[in-house]
Amino acid sequence: MEQTITAEALQNSSLESFYELSATRSGGAGGQNVNKVNTKMELRFFLDACTIFSEEQKALIHKKLANKINSEGQLVLSSQTHRTQLANKKAV
C-alpha cells in the first residue's frame, strides 16, 4: 500500500534539515547588476537522506527526475529567471 504525502503534511514537516540554498551570479545579460549581484538561487534537496518519503517514493522521484539528481543523491533545482534573489528563492 503506497502512502500519499499531502501538501499539509509537507508544510508541517521539518524540511529544513534536508536541503540547503545558495546564491550565485546569474548568467546572461543583466544590465548594471550583471556580475555584481548574486541573484541565481540553487536548492539542493538531500533526497536519499530524507525520511519523509518512503523508499518507493524516492525510487519514483529518482526515475522521473534523474536528470536533476546528482551522483550524491541530491535533487538540484535552480532559478535565475527573476531579477531579485527573493523571487528566485520563491521559485525554487
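**Fold, sheet and core**

Guide: This is a predicted model. Of the 92 residues in the protein chain, 21% are buried.

Visitor: In what order do the elements of the protein chain run from the N terminus on?
Guide: The protein chain holds 3 helices and 3 strands. Read from the N terminus, the order is α-β-β-α-β-α.

Visitor: Which strands are the edge strands of the sheet?
Guide: The sheet is open and has 3 strands, paired antiparallel in the order S1-S2-S3. An edge strand here pairs on one side only.

Visitor: What does the twist average from one strand to the next?
Guide: The sheet runs S1-S2-S3. From one strand to the next, the twist averages 20°.

Visitor: Which residue in S3 is the bridge partner of Arg-44?
Guide: Strand S2 covers residues 40-46. S2 pairs with S3 in the antiparallel sense, over 6 bridges. In S3, the bridge partner of Arg-44 is Val-76.

Visitor: Where do the buried residues of H2 fall, seen down the axis of the helix?
Guide: Helix H2 spans residues 55-64, and its buried residues are Gln-57, Lys-58 and Ile-61. Seen down the axis, they fall within an arc of 100°, so they line one face of the helix.

Visitor: Which exposed residues does the face of H2 turned away from its buried side carry?
Guide: The buried side has Gln-57, Lys-58 and Ile-61. Turned away from that side are the exposed residues Glu-55, Glu-56 and Lys-63.

Visitor: Which residues does Ile-61 touch, not counting those up to four places away in sequence?
Guide: Ile-61 is one of the buried residues of H2. Ile-61 also belongs to the largest nonpolar core, which has 9 residues, including Phe-18, Leu-43 and Leu-75. Beyond four places in sequence, Ile-61 touches Leu-47, Phe-53, Ala-66 and Ile-69.

Visitor: Is Thr-39 buried or exposed?
Guide: Thr-39 sits in the loop between S1 and S2. Among the residues that Thr-39 touches are Thr-24, Ser-79, Arg-83 and Asn-88. The cut-off for buried is under 20% relative accessible area. The relative accessible area of Thr-39 is 11%, so Thr-39 is buried.

Visitor: How much of the accessible surface of the protein chain belongs to carbon and sulfur atoms?
Guide: The accessible surface of the protein chain comes to about 6,800 Å². The share that belongs to carbon and sulfur atoms is 50%.

How values were computed:
Residues are numbered from 1 along each chain as its sequence is written. This is a predicted model: local features need pLDDT of at least 70, side-chain atom pairs count only at pLDDT 80 or more; totals for chains, interfaces and linings use all residues. Side-chain values use heavy atoms; hydrogens and water are left out. Buried means under 20% relative accessible area, exposed over 50%, partly exposed in between (1.4 Å probe, protein chains only). Helices (H or I, at least four residues) and strands (E, at least two) are DSSP runs, numbered from the N terminus. The arc is that of the directions from the helix axis to the C-beta atoms. A nonpolar core is a set of buried Ala, Val, Leu, Ile, Met, Phe, Trp, Tyr and Cys residues joined through side-chain atoms within 4.5 Å. Contact means heavy atoms within 4.5 Å. Two strands pair if DSSP finds at least two bridges between them. Axes are lines fitted to C-alpha atoms, for helices over the stretch in contact, and angles run from 0 to 180 degrees between N-to-C directions. Accessible areas come from the Shrake-Rupley method with a 1.4 Å probe; for residues, only the protein chains shown count as cover.
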